[in-house]
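I opened this notebook to record what I looked up in one protein structure.

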Amino acid sequence: MFSISVTPAKAGTQRKKRKYWIPAFAGMTMLMVTAPALAQEKQPPYWASIASGQAMTHTGPGRNYPNVWLYQRRDLPVRVVKKYETWRLIQDPDGAQGWMLVTMLSDRRTAIVKPGEPRPIRADPSDEAKVRYEAEGGVVGRIDKCKGNGWCRIAIGKKEGYVRTSDLWGVGADEVVD
């Protein structure tokens, strides 16, 4: 993820660089490790997304339980329905459930367009607003704002706009997301 290059320096300066570099690196590492853990301290039920390109669920809360599903879709929204230590019982958009290690989850809000006809993504949160593009069922996007009025701002790739919450799985009907 990070690349670090070290340039040889005089003995006095090298020590000084290490003195400041190690705490900064340790701080970054702690932030990267604790951010997902802090985000997953919510009480179920709550929404999350798959953080990795590959994440396995199990029949119980531990690696010794049999595997259920291998998810290969980063940002797929999931519903966390139960907690046990570092494991979360998740439900996917199809209703399948399994236990996933908390480090495989992210608090990044995403949603998937429900199956059926393509859904309009509009310029503003209104049925009268201009349609920017349409999203097919199964498309996953990142949600950054929902005002609780039945509309959410969604980003699908580099395109963004507003979509009705009723057209999405991964957001509650009157949910507020900031």
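**Entry 1: the model.** I note at the outset that this model is predicted.

**Entry 2: salt bridges.** How many salt bridges does a search of the whole structure find? I recorded 6. I recalled the general principle that side chains of opposite charge can pair when their charged atoms come close.

**Entry 3: Asp 75 and Arg 108.** I looked up the salt bridge between the side chains of Asp 75 and Arg 108, where N and O lie 3.1 Å apart.

**Entry 4: Asp 75 and Arg 142.** I found that Asp 75 also forms a salt bridge with Arg 142, and the closest N and O atoms are 2.8 Å apart. Here too the pair links distant parts of the chain, 67 residues apart, with Arg 142 in strand E11 (residues 140–147). Arg 142 is partly exposed, at a relative accessible area of 37%. I concluded that Asp 75, Arg 108 and Arg 142 belong to a network of salt bridges.

**Entry 5: Arg 119 and Asp 167.** I looked up a further salt bridge, in which the side chains of Arg 119 and Asp 167 meet at 3.0 Å, N to O. Arg 119 lies in strand E9 (residues 119–122), and Asp 167 lies in the loop between strands E13 (159–164) and E14 (168–169), 48 residues apart. Both Arg 119 and Asp 167 are buried.

**Entry 6: nonpolar cores.** Which residues have the most contacts inside the largest nonpolar core? They are Ile 50, Ile 90 and Met 100, in a core of 15 residues. Strands E1 (46–50) and E4 each supply at least two residues of this core, and E1 gives the largest share, 4 residues. I also listed contacts of Met 100, among them Ile 50, Tyr 71, Trp 87, Ile 90 and Leu 105. A second, separate core has 14 residues, including Ile 121, Ile 143, Cys 146 and Ile 154.

Notes. Residues numbered from 1 in each chain as written. Predicted model: local features only at pLDDT ≥ 70, side-chain atom pairs only at ≥ 80, totals over all residues. Heavy atoms only, no water. Salt bridge = Lys/Arg side-chain N within 4 Å of Asp/Glu carboxyl O. Buried < 20%, exposed > 50% of the residue type's maximum accessible area, 1.4 Å probe, protein only. Core = buried A, V, L, I, M, F, W, Y, C linked by side-chain atoms within 4.5 Å. Contact = heavy atoms within 4.5 Å. Lists of a residue's contacts leave out its neighbours within four places in sequence.
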